[in-house]
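Visitor: I am new to this structure and would like to learn how to read it. Please take me through some features one by one.

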Amino acid sequence: MSIKDILSPFSAWKKVIKDPVTVKDPFNDRPGAPRYRGFHKNELDKCIGCGACEEICQNAAIDMVPVEGIETVEGDSGLRPMVDYGRCCWCALCVDICSTNSLTLSNEYTWIDSDPDVFRFIPGYDKKEWDNSKLGWTKPKNYDLNTYERVEMKELHPEERDKSFIEFVKGYSKEQAEAEADRCIDCGLCTATCPAHMSIPEYIKAIRNDDMEEGLRIMYETNPLPEICGRICTHKCETVCAIGHKGEPLSIRWLKRYIADQVPESKYKEVLEQGLEITPKSKKVAIIGSGPSGLSAAYYLSRMGYATKIFESLPEAGGMMRYGIPSYRLPYDQIDKDINYILSCGVEIEYNVKIGKDITIEQLEKDYDAVFSGTGLHLGRSTRIPGSEHENVFFATDLLREISLGTEIKVDEKIVVIGGGNVAMDITRSLARLQNQKYGKVDVLATCLEAEDIMPADREEVVEAREEKAIVDPGWGPKDIKIENGKIKGLNVVKCLSVFDDEGRFSPKFDEDKKKFFPAEMVVESIGQGMDLTYIDSIKDKLEFSDRGRIVVNEKYQSSLPWFFVGGDIIKGPDVINGIANGHIAAKGIDEFLNKK
Amino acid sequence: MFSIKEDRSKFPTKKADGTLDIDLDSQKYVKIWQGPNHPGITGNMALELTVSGDEVVQSKTHVGYLYRAFEKLMERRKFIQCFPICIRMCVPEPDINEYLLAASVEELGGIEVPEMAEWLRTLVLEMARVTILLRGVPGQGGTMSLGMGVQWGVYVRDLMLDRFEELTGGRVYHMYIAPGGVRGLLPSGFKDRMEEVLKKVDEFVVDIDNLMFNNAVFKVRTKGVGIIDKDWIDQYSVVGPNARAAGIMRDVRKDYPYLKYDQLDFEPHTETDSDIYARSRVRWHDLQTSVDLIRQIMAKMPEKGEIRAKTPNVLHWKIPKGETYQRIESSRGEYGFYMVTDGSAYPRRINLRGPSYNSAMVLLEKMLVNANISDVSSLMVSLATCPPEIER
Ligand SMILES: Cc1cc2nc3c(=O)[nH]c(=O)nc-3n(C[C@H](O)[C@H](O)[C@H](O)COP(=O)(O)OP(=O)(O)OC[C@H]3O[C@@H](n4cnc5c(N)ncnc54)[C@H](O)[C@@H]3O)c2cc1C
């Protein structure tokens, strides 16, 4: 102990002449730091109501609630987060996980009210003075709680695939599928959008749990064609996938394929019929057409105990899936796998029987208690330009059917395809393969009215067609097919300026001065398909038709003739999953109808 | 000088079973409660004191006033959801929990954290140490009514909290170190503003030296008081500053280096007297060491870099079956998380092992016997107990 120990503490007196450090002005707010985790803001238009915020909140402070003025639409649940400040701990995990970055925190932190209920509020909807604050917590840069890039799908290299019809998408490995499945946030926007309302998050979860059998069971609840859909579905689910807002949507289609691929056909019965008890019913149902809608209706009806029989005009089942979609996208053995299982469930099928010709529709009405018809769109549509009646002008669907039937088709050295949709790409790529096989080179060109950016075909179809050395030259209107000495010389086209008018009606405008000539010996038209309803001519006057010539049905796909249900492309679509969905709904409708009968 | 002559006759004798024979009806003893609310302690904790005159003859520590089942709650939370909870296990120094949770998850999940994130974690942990010591060091004076230092400390601490706020978005609960990385780079100009704060800490260090450590009253009340016997250090797992005050070098940063500590130049301070003064003095040195470390980190850390490793989607991040013990040097010494995982998306068990348990439940009860009532809070604070760490 020294004298210093007595004097030293008095040094504190020097603070007397220093300014006080406490805030002198208690009435003005001190703004929170630019990153401060203050009160919530939400951009309501940007938010899609996916509920990731609700899911991650460890305090259960967030509830997804309906909000006036926000509709439930595809890709938007219509719900918005309501935050309870009695529970919130401002950790901002909700912000970091937000699928659209719409949810942020302001740097505001004082809010005084005598009513405790106001502290449970819907950010963005209940207007707050901090709604426009520029500062506060946002998702940190380069900080992601999920992966926003897809697991890349391995495909055959263009040079390996452009000569053959073998499947070029290789499918995921276990690791790849699990990594892709991991990106799902279980929001269910996909389920709401899928025409068949497949339980997508649930079967994706089965992949994460490495339980393929469970995955298959889940898929069959709403879709009896998973191998097929796992390859060629139009995947509307992926367009609305919440993950797609910050990155690439989940490859839902490939995941579906992964599950189905993992379970061998020989195990299907065991997996799908475990504990299944079907009470056979006395009533019988006839199904016209073995496309996806017919197969789906048949499968679900057979599960309900009905004796079902399909009448198919072609030698094999599958409709456009077999006779339209090329096998490099959808191999026949995979079609067979799905269909074999359906047929193994007691569904009968008779091939090479055309209703309206071999059996009349009246006969069916007599022999069966109900009829479901899904006959699809199989008639080609012509551009009707001069020259289109030439014998070397074909419809895409006819050629594709011939290819599937195994008939040798005409393949010339120079071919032009008119059309810019997926069917046009299918025939273009099929012809490219055949040219390659026949001539060792590709010379097929596809052209359409639509400019590149609004081409109806999927982007990857166009890219892959080009990879296979086909030429895609969009934005041209066909004028006439030039014919000399009875032989096709090529296609004359003019620049197409726009396809639709201001009201969205089809009304193409051309610049007649900008011309082009595509030399060719053969022309293929692929501008859409029409339906052949001659088989119901005899009952036509008892049916109701819409202005566009479609049979009018109710929400159960029942026509104005109560025993006659209609689905598939001739009602809605055109794609496989819509066919599956309405076949399933019609099956339930038929069950209801027959129960009342 | 001011020693109190002991009158052993007042003391209870031992019964045959070894317990003290305290008969309250004899009127020789009084039971008084210190706490559960006591400003000397962060959180609530009570000492049930039996005193004879002004001397403590028996003390019993009571906890349970803060119990919110954090460890249990975490068993019902996904791994990412645990980090806003675990911080509550030590309010004045929450970051150590964030780090341990992250380190455990990363260890078991096989995640390697980017270099930049490691530097930022080291920085934040030292900032946290400065923050708690700015209250803890002058707090020792506070227990004997030398409140002025506490006020100075609180002011400088607030400036450090400003830095936390701009870096992490929060002042007290930073929620910055999350499994996989950290939640942001340094804001621009941060280092300059941090340097300003560090200068204030430097001033504070001198001021508190003058006010508290070179203070006759403080010395009398702390030197030779509350000695932790050297033998007890191992016996009761005394760690960190409390061990170093007894001359035993124990610092996880040196003994089992983690993060970037092996790239930093520092020597933890030791004393020999093992009394309240020595422990205070060690913490005062620790404060300076941390300030120096922050300067070193800011000079050595890269300017840019990734802040988060790629992890599975946090919403269903499953950690393989396993167990790990991760430790860290907190301001109170070794502090660890024992985590068990069962392959699911939830921790099977997270158990916190902190120094406060031994300090408050064992050491303190032992040391308070024969202590003067006026020294009780001083003794308690000198062990630096953080009650929420005892009841998780
Ligand atoms: C080239 C091409 C590519 C396509 N690519 C895809 C794709 O990638 N993804 C996708 O989702 N969709 C695709 N589609 C569309 C899809 O194939 C159809 O939407 C779907 O097959 C329609 O199903 P459906 O049940 O209506 O009938 P369809 O599949 O058209 O089947 C109808 C069946 O009914 C039979 N039938 C017709 N009339 C009679 C009768 N009177 N008596 C007996 N049987 C009859 C037909 O022979 C046929 O088998 C593509 C279509 C084409 C043409």
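Predicted model: local features only at pLDDT ≥ 70, side-chain atom pairs only at ≥ 80, totals over all residues.

Guide: We can begin with a loop. B:P36 sits in the loop between strand 1 (30–34) and strand 2 (46–52) of chain B; helices (H or I, at least four residues) and strands (E, at least two) are DSSP runs, numbered from the N terminus. The peptide bond from B:G35 to B:P36 is cis, with omega near 10°.

Visitor: Which value of phi does A:H197 have?

Guide: Phi of A:H197 is near 50°, a positive value in a residue other than glycine. A:H197 belongs to the loop between helix 6 (189–193) and helix 7 (200–208) of chain A. A:Y557, also not a glycine, has a positive phi of about 65°, and its place is the loop between strand 19 (529–530) and strand 20 (564–566) of chain A.

Visitor: Is A:Y557 buried or exposed?

Guide: Buried means under 20% relative accessible area, exposed over 50%, and partly exposed in between (1.4 Å probe, protein chains only). A:Y557 has a relative accessible area of 9%, so A:Y557 is buried. A:H197 counts as partly exposed because its relative accessibility is 44%.

Visitor: What does B:E106 touch?

Guide: Contact means heavy atoms within 4.5 Å. Leaving out residues up to four places away in sequence, B:E106 touches B:I111, B:V113, B:R121, B:A178, B:P179, B:G180 and B:G181. B:E106 is part of helix 3 (residues 95–109) of chain B, and it counts as buried at 7% relative accessibility.

Visitor: How many disulfides are there over all chains?

Guide: A disulfide is a covalent bond between the sulfur atoms of two cysteines. Here it is taken as a pair of cysteine sulfur atoms within 2.5 Å, and by this rule the count over all chains is zero.

Visitor: How do I read a pair of helices?

Guide: Two packed helices are described by the angle between their axes and the distance between the axes. Axes are lines fitted to C-alpha atoms, for helices over the stretch in contact, and angles run from 0 to 180 degrees between N-to-C directions. The axes of helix 18 (residues 422–439) and helix 19 (residues 459–467) of chain A come within 10 Å and cross at roughly 20°. That makes helix 18 of chain A roughly parallel to helix 19 of chain A (angles under 35 degrees count as roughly parallel, over 145 as roughly antiparallel, 65 to 115 as roughly perpendicular and the rest as oblique).

Visitor: Which residues meet there?

Guide: A:N422, A:M425, A:D426 and A:R429 in helix 18 of chain A meet A:E461, A:V462, A:E464 and A:A465 in helix 19 of chain A.

Conventions
Residues numbered from 1 in each chain as written. Chains lettered and ligands numbered in written order. Heavy atoms only, no water.
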